[in-house]
Amino acid sequence: VAALTGAGISTDSGIPDYRGPNGVWRTDPDAEKLVTWSYYMADPEIRRRAWKVRQAAAERRVEPNAGHRALVDLDRAGVPVRVLTQNVDGLHQAAGLPDGKVLELHGSSREFLCVSCGARGPMAEALDRVAAGEPDPACEECGGILKSTTVMFEEPLDSRALAEAKAVAAASDVFLAVGSTLQVHPAAGLVDVALLGGARVIVVNAERTPYDAMAERVVREPISEALPALVRELLNAPQSRS
Ligand SMILES: [Zn+2]
């Protein structure tokens, strides 16, 4: 089972859907600059604001919800599960999925990266430096600009992660598309790959997606209810393919 997950799976954990009707990018026109490569690289003030936002995000206690836990149940029941996620919140891992089973297509907010030398480390370390009075901490190895590993606008996706995601989609028997509008790549392309590979595609999303007509099933119920029910079904169904 491959599960492609988008912002919708985390809204029940209190993480706003940035693109949704009440999304941050609709209410603060400047917010988009904080996650846009050219602004971030050029303007120390933008970086200082971005670090404050990261600090605030880290202080919010967010817990995985029943949707995340359902995928862990599937995995623990012995069904091979891979999660391909557009989210950067780490909630699949927090729910109990091993790191190796989660492919983070848009990076992670739990890790920082130096744009000059590629040094990486836990976000908590960088945030400690912010709290200690460095509003825009520089790389300790080379003095370069630090950011989270989250992919920004204008920044390419990690081509290795993308290639692996395509391989997972192609090999899947069941492809769950959960909480993603499936309107942007790579999400949309991964559904195509799964369909070409002969997977049963199930869409779980509150709003219509361009793939509804091609899906075996479309579920509109809230994800934290719909996904546990789907997982129970998958576990009870006789294995038609192996
Ligand atoms: Zn560096």
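Select helix α5 to begin: its buried residues (buried meaning under 20% relative accessible area, exposed over 50%, and partly exposed in between, with a 1.4 Å probe and protein chains only) pack against β1 (2-5), β2 (82-85), α6 (91-95), β7 and α10. Those buried residues are G67, H68, A70, L71, V72, L74 and D75. Helices (H or I, at least four residues) and strands (E, at least two) are DSSP runs numbered from the N terminus, and contact, here and below, means heavy atoms within 4.5 Å.

This is a predicted model, in which local features need pLDDT of at least 70 and side-chain atom pairs count only at pLDDT 80 or more, while totals for chains, interfaces and linings use all residues. Residues are numbered from 1 along each chain as its sequence is written, and side-chain values use heavy atoms, with hydrogens and water left out.

Staying with α5, display the side chain of N65, which caps the N-terminal end of the helix through a side-chain oxygen 2.7 Å from the backbone nitrogen of G67; a polar contact of this kind is a pair of N or O atoms within 3.5 Å, where within protein one must be able to donate a hydrogen and the other to accept it, and residues adjacent in sequence count only if both atoms are side-chain atoms. After the helix comes G78, with a positive phi near 100 degrees.

Next, select L176, V204 and L227, the residues with the most contacts inside the largest nonpolar core, which has 25 residues. A nonpolar core is a set of buried Ala, Val, Leu, Ile, Met, Phe, Trp, Tyr and Cys residues joined through side-chain atoms within 4.5 Å. At least two residues of this core come from each of α5 (66-76), β7 (174-178), β8 (200-204) and α10 (223-236), and α10 gives the most, with six. A second, separate core of 22 residues includes L182, A187, A188 and A215.

Now colour α8 (residues 159-171) and α9 (residues 187-196), which pack at an angle of about 35 degrees with their axes 7 Å apart. Axes are lines fitted to C-alpha atoms, for helices over the stretch in contact, and angles run from 0 to 180 degrees between N-to-C directions. In the contact, A165, K166, A169 and A170 of α8 meet L190, V193 and A194 of α9.

From there, go to the loop between β7 and α9, where L182 is found. L182 has a positive phi of about 55 degrees although it is not a glycine, and it is buried, with a relative accessible area of 1%. P186 lies in the loop between β7 and α9 as well, and a cis peptide bond with omega of about 15 degrees joins H185 and P186. Most residues other than glycine have a negative phi, and most peptide bonds are trans.

For another positive phi, select E154 in the loop between β6 (146-148) and α8, where phi is near 75 degrees. Is E154 buried or exposed? At 56% relative accessibility, E154 counts as exposed.

Finish at S108, in the loop between β3 (102-104) and β4 (111-114), which is buried with a relative accessible area of 4%. A polar atom of the S108 side chain lies 2.9 Å from the backbone nitrogen of R110. Leaving aside neighbours within four places in sequence, S108 is in contact with V88, S148, T149 and T150.
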